[in-house]
Amino acid sequence: MARVYNFSAGPAVLPEEVLKEAAAEMMDYQGSGMSVMEMSHRSKVFDNIIKEAEQDLRDLLNIPDNYKVLFLQGGASQQFAATPMNLMKNGVADYIVTGQWAKKACQEAAKYGKANKIASSEDETFAYIPDCSDLPISEDADYVYICENNTIYGTKFHTLPNTKGKILVSDVSSCFLSEPMDITKYGVVYGGVQKNIGPAGVVISIIREDLITDDVLEGTPTMLKFKTQADNDSLYNTPPCYGIYICGKVFKWLKKMGGLEVMKQRNEEKAKILYDFLDQSTMFKGTVRKEDRSLMNVPFVTGDKDLDAKFVAEATAAGFVNLKGHRSVGGMRASIYNAMPKEGVEKLVEFMAAFEKANA
């Protein structure tokens with residue numbers, strides 16, 4: 001069967017080039033006589049894989065030397081707890097709630113201290129990003145938390161909040177490596193890789209070194225201490241070796257493509273094709289305020305549940321898969337991550353135009 005156009009929000013489409021390389025190395029990685037899946041994480045061969053992956057990521061994002069890069073497990077959701085456990089020195093944190101994941105992170109933090117919801121867009125089903133230029137930042141807040149791109153709702157912070165000098169913590173799971181980032185503006189950046197970078201099972205954390213200490217909340221599990229992971233270069237226990245290996249290949253692919261400036265241009269082009277169609281369509285409507293639209297996740301609806309279901313079924317039959325929207329929003333959602341070719345978006349728009357005509 002031919003490959004489909006996979007619009008899944010995650011686990012998501014990966015570059016074909018990377019999949020082919022991994023397939024070619026499956027039985028014998030670079031003359032080792034075995035697969036990366038089978039080798040010891042303490043071996044010289046794997047040590048090279050993880051070190052090279054880290055260096056390539058540092059190059060792509062221009063990560064300063066005073067930030068640690070960690071390849072962890074437990075997904076971004078595990079960082080919802082690890083963040084307050086490691087950073088809540090005063091027992092207070094401010095959360096900007098722009099979607100399901102920020103909301104869950106806020107609820108998790110409330111188990112360990114005072115989690116203040118200082119801004120939210122829940123009043124309009126998270127269809128916009130609140131104005132964060134002058135927020136009531138708590139004087140004793142240990143950090144300010146955001147989810148930078150909201151996978152479910154299709155919104156993105158195009159301007160970072162004014163944290164008034166407080167540490168910014170950001171979950172970047174669904175916009176990771178889709179465009180350049182100034183890492184120095186953050187204390188902690190983390191993201192699950194299963195959307196833009198690799199297979200599910202790895203979360204990458206980039207943490208400023210002064211935030212990695214032994215001064216953590218009492219009862220913090222050894223595995224959830226930033227210091228445990230940083231002191232052991234992500235090798236305190238067996239890491240998700242194969243996932244890290246694929247991430248490393250994607251980093252090389254990104255460098256080969258020209259880096260994150262080029263990816264940003266490509267992603268803007270792809271998103272424009274879809275948004276331009278939605279803006280002129282009489283049947284399909286985007287659900288997000290224009291100025292807050294994500295380049296990665298594009299939710300849209302017809303306004304008729306039966307028509308939405310018909311569209312998803314026919315699109316799937318035509319090879320455009322995983323377009324059903326998240327249950328909390330309904331409708332459709334096209335996730336157009338780095339590895340989605342422009343052609344995939346163009347063909348989707350052609351299909352949507354034909355569907356609109358046939359069902360007008």
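Helices (H or I, at least four residues) and strands (E, at least two) are taken here as DSSP runs, numbered from the N terminus. The model is a predicted one, so to speak of local features a pLDDT of at least 70 is needed, side-chain atom pairs count only at pLDDT 80 or more, and totals for chains, interfaces and linings use all residues. Residue numbers start from 1 along each chain as its sequence is written, and side-chain values use heavy atoms, with hydrogens and water left out.

With those runs in hand, Met-27 falls in the loop between helix 1 (16-24) and helix 2 (44-61). Its relative accessible area is 69%, so Met-27 is exposed (exposed means over 50% relative accessible area, buried under 20%, and partly exposed in between, with a 1.4 Å probe and protein chains only). Together with Met-26 and Met-37, Met-27 makes a nonpolar surface patch of about 340 Å². Patches are built from residues with over 30% relative accessible area and no salt bridge, like charges being joined within 9 Å and nonpolar side chains (Val, Leu, Ile, Met, Phe, Trp, Tyr) within 5 Å. The areas come from the Shrake-Rupley method with a 1.4 Å probe, and for residues only the protein chains shown count as cover.

Points are joined across faces, edges and corners, and a volume is the space filled by probe spheres set on them.

The largest pocket comes out at about 340 Å³. Its lining has 18 residues, and Tyr-29, Gln-30, Glu-52, Lys-249 and Lys-252 are the closest to the pocket centre. Helix 1, helix 2 and helix 6 (241-257) are the elements that give two or more residues to this lining. Sorted by class, the pocket lining holds seven nonpolar, three polar and eight charged residues (Ala, Val, Leu, Ile, Met, Phe, Trp, Tyr, Cys and Pro count as nonpolar, Asp, Glu, Lys and Arg as charged, and the others, Gly among them, as polar).

The largest cavity has a volume of about 40 Å³, and its lining is made up of Glu-148, Lys-156, Cys-175, Ser-178, Glu-179, Pro-180 and Met-181. That lining splits into three nonpolar, one polar and three charged residues. The second largest cavity, at about 30 Å³, is lined by Lys-156, His-158, Ser-178, Glu-179, Ser-294, Leu-295 and Met-296.

Turning to charge pairs, the whole structure has 29 salt bridges, each being a side-chain nitrogen of Lys or Arg within 4 Å of a carboxyl oxygen of Asp or Glu. One of them pairs Arg-58 with Glu-54 at 2.9 Å, N to O. These two sit four residues apart in helix 2, so about one helical turn separates them. Arg-58 is buried at 13% relative accessibility, whereas Glu-54 is partly exposed at 25%.

Lys-255 and Asp-56 form another salt bridge, at 2.7 Å, N to O. This pair ties together distant parts of the chain, with Lys-255 in helix 6 and Asp-56 in helix 2, 199 residues apart. Lys-255 is partly exposed at 34% relative accessibility, while Asp-56 is buried at 7%. Asp-210 and Arg-208 also meet in a salt bridge (2.7 Å, N to O); Asp-210 is partly exposed at 48%, and Arg-208 is partly exposed at 21%. Elsewhere, salt bridges with shared partners join Glu-52, Asp-56, Asp-59, Lys-252 and Lys-255 into one network.

The peptide bond from Gly-10 to Pro-11 is cis, with omega near -10 degrees, and Pro-11 belongs to the loop between strand 1 (5-6) and helix 1. Lys-164, although not a glycine, has a positive phi of about 50 degrees. Lys-164 lies in the loop between strand 7 (155-156) and strand 8 (168-171) and is partly exposed at 42% relative accessibility. Asp-233, not a glycine either, has a positive phi of about 50 degrees and is placed in the loop between helix 5 (226-231) and helix 6.

Terms used. On a 1 Å grid over the protein atoms alone, a cavity is a set of points where a 1.4 Å probe fits but cannot get out, and a pocket is an open set with protein on both sides within 12 Å along at least five of seven lines; lining residues have an atom within 4 Å of a point.
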